Amino acid sequence: MKVPFATMQVMHKEIRKEMLDKFTEIYDKGWYIGGEECAKFEEEYAKYIGTKYCVGVGNGLDALRLAMLALDIGEGDEVIVPSNTYIATALAVTYTGARPVLVDPDLDTFNLSEKGVEEAITKKTKAIIIVNLYGQSGDMDEIIKIAKKHKLYVIEDCAQSHNSLYKGKKTGTFGDIGCFSFYPGKNLGALGDAGAVVTNNKKIAEKVRAIANYGSLVKYKHDYKGVNSRLDEIQAGLLRIKLKQLDKYTKERQRLANIYLTKITNPKIVLPKVGKDRTHVWHVFAIRCKTRDDLQEYLKKHDIGTIIHYPISIAKQKAYKDDKLNDLPIARKIAKEELSLPLYIGMTDEEINYVIDVINKY
């Protein structure tokens, strides 16, 4: 049996007609930027998340960068970033002129360690970016407590945590700003690059919108040296359709993850853990294994697709070789041991049980 790491074929087949009809509607309307679809998606997503404002932008990296620019983070500032996240989180800091300060995560949940955050704070620290990695929230109570104590901004990187809950509230609603990616492979994915910034602060929302539109809220009047990062009408329209399915998609991902958690019994495998008061949405089902590379090759021979998130930590990336970022032990350990198993909408019980059987025989 061949099991891919991921596929969107089943999910997209179910909504094919509605998606194509929406594309045709937008195509025929002839308005492709800053129109009705984007405005409606922003309104619907803000309501779904539980914030007052949502601003559609070009992608998740831009969402993070725009969030920091709206908070006046720049040259001379430091921003705390998890050591084990995707490089985009650090790049967003770098693009503002600030310096990313890496902090190791909790090994069980892969999310920021509160102790590490406290120790990393200096007089230059301006913000904490908490990445709700793989689909579950960090310990927001502790992060917010630390931020208030030191008068820091909190930015939530929710690129992998659409619909994830912490104490009954959705991720993206705890900090000053929540940043989302709608890259096609995300739990809520467009058919191209797309992103959003959510917040309860009107001034921040307006500033993000202006900076993302060449620094302008009124045509030809530019208040900031802005960029071009806007959610286009086609992606917004398609996202509106998929947003209606997100609760269903989340429940299915949780069902599949529970099968893995229940049936994988190989002692060589360290299963992911769900933190207290959190609801995991399983964007990634990340296991750890001391012989990860051998395990991946073994699974490949059995036609099972896997991905490593992420094989090279940020501190070890060539792009940051001159920045002298902290090369931290837990980030190194995760980079050496993490392996993501197949989990996608449309995965059959036969497929997941095949993966489990092969793993248990490893």
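I began with helix H4 (residues 60-70) and helix H5 (residues 87-96), whose axes come within 9 Å and cross at roughly 40°; the axes are lines fitted to C-alpha atoms, for helices over the stretch in contact, with angles running from 0 to 180 degrees between N-to-C directions. That angle makes H4 oblique to H5, given that under 35 degrees counts as roughly parallel, over 145 as roughly antiparallel, 65 to 115 as roughly perpendicular and the rest as oblique. The crossing of H4 and H5 is right-handed, the near helix being turned clockwise from the far one by less than a right angle. On the H4 side I listed Leu61, Leu64, Arg65, Met68 and Leu69, and on the H5 side Ala88, Thr89, Leu91, Ala92, Val93, Tyr95 and Thr96, with contact meaning heavy atoms within 4.5 Å. By class, this contact of H4 with H5 has nine nonpolar residues, two polar and one charged.

I note for the record that this is a predicted model, in which local features need pLDDT of at least 70 and side-chain atom pairs count only at pLDDT 80 or more, while totals for chains, interfaces and linings use all residues. Residues are numbered from 1 along each chain as its sequence is written, and side-chain values use heavy atoms, with hydrogens and water left out. Helices (H or I, at least four residues) and strands (E, at least two) are DSSP runs, numbered from the N terminus.

Next I looked up the burial of H5: eight of its 10 residues are buried, so H5 is largely enclosed by the rest of the structure, where buried means under 20% relative accessible area, exposed over 50% and partly exposed in between (1.4 Å probe, protein chains only). The buried residues are Ile87, Ala88, Thr89, Ala90, Leu91, Ala92, Val93 and Thr96, and they pack against H4, strand E2 (78-82), strand E3 (99-103), strand E4 (125-131) and E5. Just after H5, I found Gly97 with a positive phi of about 95°.

I then turned to H4 and helix H8 (residues 202-212), which pack at an angle of about 120° with their axes 9 Å apart, and which are therefore oblique to each other. H4 passes H8 in a right-handed crossing, where Leu66, Leu69 and Ala70 in H4 meet Ile204, Lys207, Val208, Ile211 and Ala212 in H8. The residues of this contact divide into seven nonpolar, no polar and one charged.

For Gln160, I placed the residue in the loop between strand E5 (153-157) and strand E6 (165-166), and its relative accessibility of 7% counts as buried. A polar atom of the Gln160 side chain lies 2.6 Å from the backbone nitrogen of Tyr134, and the Gln160 side chain also makes a polar contact with the side chain of Tyr310 at 2.9 Å; such a contact is a pair of N or O atoms within 3.5 Å, where within protein one must be able to donate a hydrogen and the other to accept it, and residues adjacent in sequence count only if both atoms are side-chain atoms. Not counting residues up to four places away in sequence, Gln160 touches residues including Asn132, Lys186, Val281 and His283.

Last, I checked Gly192, in the loop between strand E8 (177-181) and strand E9 (195-199), which counts as buried at 18% relative accessibility. Leaving out residues up to four places away in sequence, Gly192 touches Phe182, Tyr183, Pro184 and Gln235.

Key:
Nonpolar A, V, L, I, M, F, W, Y, C, P; charged D, E, K, R; others polar.
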